[in-house]
Amino acid sequence: MKKYTKIFQGTAFSSKSPKEVQILKDYLFCINDKGMIEKVVAPKDADYQILLDTYQGEENFHCLAEGQYFLPGFVDLHVHAPQWAQAGTALDIPLYDWLNTYTFPLESKFSDVNFAKDVYQDVVRTLLANGTTTALYFATVHKEASLLLAEICAEKGQRGLVGKVVMDNPEQNPEYYRDIDTQTALADTEEFILAVKELAKSSKQGVYPVVTPRFIPSCTDSALKGLGELAAKYDTYVQSHCSESDWEHGYVQDRFNKNDAFALHDFGLLRNKSVMAHCNFLDDDDAELFVETGTAVCHCPISNAYFANSVIPIAHLHSKGVEIGLGSDISGGFSPSLFDNARQAVISSRMLEDGVNTVLPTNERGVPNSRITINEAFYFATAGGGESLSLPIGRLTENYAWDVQIIDTTLDSAKLPIFHANEDLHDIFQKIMYLVRPENIREVWVQGEKVHSRV
């Protein structure tokens, strides 16, 4: 019999499709030395008992306790890592004012690598504790601090995709916080890409460089063109903000006489490894361009409620074939938890479908067919995020990474309302998605390695 590095036994929930959750009751998950799921064995399978007899009682056999369940690790597609230092503040002002009054002054402090280290260690640790096993990070304009974030991800075992932010436009960025000039911005980005690729050689779970124009207003045409060329040269990921708010959407139309999506595409920034945050004002032509180029939308439902001036028609975009993942958008979104963001995704979709203006008649108030279910929100947080990044993550199935969170529903301090020994497992899944708090997340594993445990 083949030897496995680790075997896990327990009941798991994983997305079978966007609308259907697969329930794997008392399954065995066989993990190889690369941290991948090599075999998934159901209790009815012939080798189930043989594997149990071979591994039970061994140090590398892990069996869940009663009331514990496996979920895939979450994939957060939009985190401003430096903004963790201001999370939960200043959410009552418009986006433009928020950036210039609070955010840019904070991010400018990351020229101090010691300050950056304190914040970045804490944000990575916090996201892991909230079940986020993969994160797509914006850092700052500072090359050294941005590389430090990638190093912290590698050290703490999180799969990190990190971007050194480019902001070279003197008309839209304050003098105290921007790239010195376009040439420096591009040279720093290239050096950053090469350094992270070197770091990745010794990282089991993977760290990746990301080409990161903050958004079109922050960048000159020359920078946008140069970044598109770097993304092609090194086949890197690309991330930015796209058609987020009335102000930003209007700014791009005034500057280029076209929507963000087509402007970004002109500069080579929409590709199969591109993830664009927010995208609230995408029209159907934009969506078709996203599908054609393989560009994914990162849905940030909590942040959108504060800064996007709208509710994104996420069900409509998904129905057109756009890849969708979920993001916390720290600190435009106050919560580091994708559980919270999955819940808000459902709430926002219902408000869009039902409408909010009671002066209008019921049949004119909302946008039909806009709602999503908690099953779909779970998919966006897991499998959808993996597909957006073209990585084998976000599902508990063969040839995917063993990225899991172990959920304990029985804690005295955070017990879920499960009162029947044979309660329907899909009902338990729904209770987990709506009621779990960080203390319910007992362990987190990335690429077969335990990276977080709560005593």
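**Salt bridges and overall build**

The side chains of Lys164 and Asp179 form a salt bridge, with 2.8 Å from N to O. Lys164 sits in the loop between E8 and strand E9 (165-166), and Asp179 in the loop between E9 and H5, so the bridge ties together parts that are 15 residues apart in sequence. Both Lys164 and Asp179 are buried. The model described here is predicted.

A second salt bridge joins the side chains of Asp403 and Arg159 at 2.5 Å, N to O. Asp403 belongs to the loop between helix H15 (383-388) and strand E15 (404-408), while Arg159 is in strand E8 (residues 159-163), so this pair connects parts that are 244 residues apart in sequence. Asp403 has a relative accessibility of 3% and counts as buried; Arg159, at 2%, counts as buried too.

Lys143 and Glu191 also meet through their side chains in a salt bridge (2.3 Å, N to O). Lys143 lies in helix H4 (residues 143-156) and Glu191 in helix H5 (residues 182-200), so the pair links parts that are 48 residues apart in sequence. Glu191 counts as partly exposed, because its relative accessibility is 41%. The structure holds 26 salt bridges.

The protein as a whole contains 16 helices and 17 strands. Its radius of gyration is 22 Å, close to the 23 Å that the globule rule gives for 455 residues, so the protein is as compact as a globular protein of that length. Of the 455 residues, 60% count as buried. Among contacts between residues at least 6 apart in sequence, 73% join residues at least 24 apart.

Terms used
Residues numbered from 1 in each chain as written. Predicted model: local features only at pLDDT ≥ 70, side-chain atom pairs only at ≥ 80, totals over all residues. Heavy atoms only, no water. Helix = DSSP H or I, 4+ residues; strand = E, 2+ residues; numbered from the N terminus. Rg over C-alpha atoms; globule rule 2.2 N^0.38 Å. Buried < 20%, exposed > 50% of the residue type's maximum accessible area, 1.4 Å probe, protein only. Contact = heavy atoms within 4.5 Å. Salt bridge = Lys/Arg side-chain N within 4 Å of Asp/Glu carboxyl O.
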